[in-house]
Amino acid sequence: MHHMRNYLLLAGCLWAGSLLAQSVKPVFPIPTKEQLTWHEKEFYLFIHFGPNTFTDKEWGEGNEDPSVFNPTALDCEQWTRIAKQAGAKGIILTAKHHDGFCLWPSKQSTHTVRESKWMNGKGDVVKALSEACKKTGLDMGIYISPWDRNHPQYGSPEYNDVYIASMKELLTQYGKFFELWWDGANGEGPNGKKQEYDFRRFEDSAFKWQPKLVIFSDIGPGIRWCGNEKGTISNTNWNLLDTAGFKRGHGGPPTDTLNSGNVNGKNWIPAEADVSIRPGWFYHAKEDSKVKSPETLFNLYLRSVGNGGNLLLNVPPDRTGRIHPADSASLVDFRKLRDAAFAKDLLQKARISNTSSKMNITTLTDRNIQTYWAPAQKENSTLLVTLPKKTTLNTLVLEEMISYGQRVSAFTIESFDGEAFKTVFTGTTIGRKKIARFPEQETTQLRIVIQQAKAAPVLRSISAYQIPN
């Protein structure tokens, strides 16, 4: 009998959910299933590693002796362990940087780990990392530079075939990747020629081998560069981008457009903020004292993830093939700062109601990413938050249900000071997540007023915190 009752309850919930879903029409464009999964990752690591680690360069020439690549104690499990401790959801590896050196024994090149002294030419960094990621439960992504300063065929139509063949090796031999990272750099090869990249074929080939891949570049198709390498995304951040007439690299959209997106962009191409934990992208011993502090990293998190994008933090291994203690200490403390900041949601016992209906909207505080609230009309988009007692807070986190599109373009947060509501935060977009910080308030009531939106807003979560300054 209990089963029957549960079934009826479930059927009722599903019916209510589907009824609600029918009443919310998406505002296009909307993210794919893979993009939605990508949005939930928020934070993952970049690993720049290769001959530059040993030559102290940032951009290799391509004429390095492969034997310079010789990590003395490569430990990819140490990388994944630190990534996990830092709360990162994955790792993207530079399998081939501009110098053309392949961290796997590629059949397309003679400039690879196979030609190095490391492990007598029997090593494979890509394989070691993919096994470590599987073991630790992290997702793996791959960076494959189209620019190749070593390959003799670079600068000829044949090189496009070479590049596709090397992509095939990576995309078919090491398991599923969550992201493929394309750098826009395009310089001369060993013969002084530049390459005409056939990105259309590159894209088609990559999707043929891994249909669920999310591809990063200046113009996506899956994710866009945020226009800087400082790790910050604009307060106004549309997950939308117009790509017609733009190319990757020099012909890309202007950096301010990349940073804030296009309000009426035709494609869902969200922003990823890439930044290094050190001044350089590759390891240099002289930078051991210049590792970004946990506080700096937390601030970058607030300005990237807190503006609706993802944070890709580069942590380069040293010449032993391990992450340096200075970097891992900062990462672990960065995790502690995030955990402490968002440990106590002050709205868990609050009552949230809408101006047009006095019902308590529990879907906004239930911590379930599948539930949401949408007003019947765009005009009734004011939410009143009533706290059980006077509460001190300085941060509100808002999330849109982006599977229905991105809608909100102007909102304010108001705090009741005992006599009147005063505006404490003025915002534009919300998107996947908006971490809104404002001067400390002691209050019993907050108001969230959505002034402008493309259609009735669809919010999935609201939470509040007192973040230590």
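## Second largest cavity

Phe 49, Gly 50, Pro 51, Thr 94, Lys 96, His 97, Asp 99, Phe 101, Leu 103 and Phe 282 line the second largest cavity. The model is a predicted one. This cavity holds about 40 Å³ of space. Its lining splits into 5 nonpolar, 3 polar and 2 charged residues.

## Largest cavity

The count is 2 cavities of 30 Å³ or more. The largest has a volume of about 60 Å³. Its lining consists of Lys 96, Cys 102, Ser 106, Gln 108, Ser 109, Asp 148, His 151, Tyr 159, Val 162, Tyr 163 and Ser 166.

By class, the largest cavity is lined by 4 nonpolar, 5 polar and 2 charged residues.

## Largest pocket

The largest pocket has a volume of about 750 Å³. It is lined by 33 residues, and those closest to its centre are Glu 42, Tyr 301, Glu 399, Lys 433 and Tyr 465. The lining divides into 15 charged, 11 nonpolar and 7 polar residues.

Which elements each supply at least two residues of this lining? They are helix 2 (33-41), helix 10 (325-341), strand 12 (382-400) and strand 16 (459-465). Strand 16 provides the largest share, 5 residues.

## Aromatic pairs

The whole structure contains 31 aromatic pairs. One of them joins Phe 49 and Phe 54, with ring centres 6.4 Å apart and 55° between the planes. This pair is tilted. Phe 49 has 2% relative accessibility, so it counts as buried. Phe 54 is at 15%, under the 20% limit, and therefore is buried as well.

## Aromatic cluster

One aromatic cluster is made up of Tyr 154, Tyr 159, Tyr 163, Trp 182, Tyr 197, Phe 199 and Phe 202. Two of its members, Tyr 159 and Tyr 163, also line the largest cavity.

## Charges over rings

What sits over the ring of Phe 421? The charged end of Arg 447 does, 4.0 Å from the ring centre. Lys 454 lies over the face of Trp 238. Here the distance to the ring centre is 4.7 Å.

Note on methods: Residues numbered from 1 in each chain as written. Predicted model: local features only at pLDDT ≥ 70, side-chain atom pairs only at ≥ 80, totals over all residues. Heavy atoms only, no water. 1 Å grid on protein atoms, 1.4 Å probe; cavity = no way out; pocket = protein on both sides within 12 Å on 5 of 7 lines; lining within 4 Å. Points joined across faces, edges and corners; volume = space filled by probe spheres on them. Nonpolar A, V, L, I, M, F, W, Y, C, P; charged D, E, K, R; others polar. Helix = DSSP H or I, 4+ residues; strand = E, 2+ residues; numbered from the N terminus. Phe/Tyr/Trp six-rings, centres within 6.5 Å; stacked < 30°, edge-to-face > 60°. Buried < 20%, exposed > 50% of the residue type's maximum accessible area, 1.4 Å probe, protein only. Lys NZ or Arg CZ within 6 Å of the ring centre and 35° of its normal.
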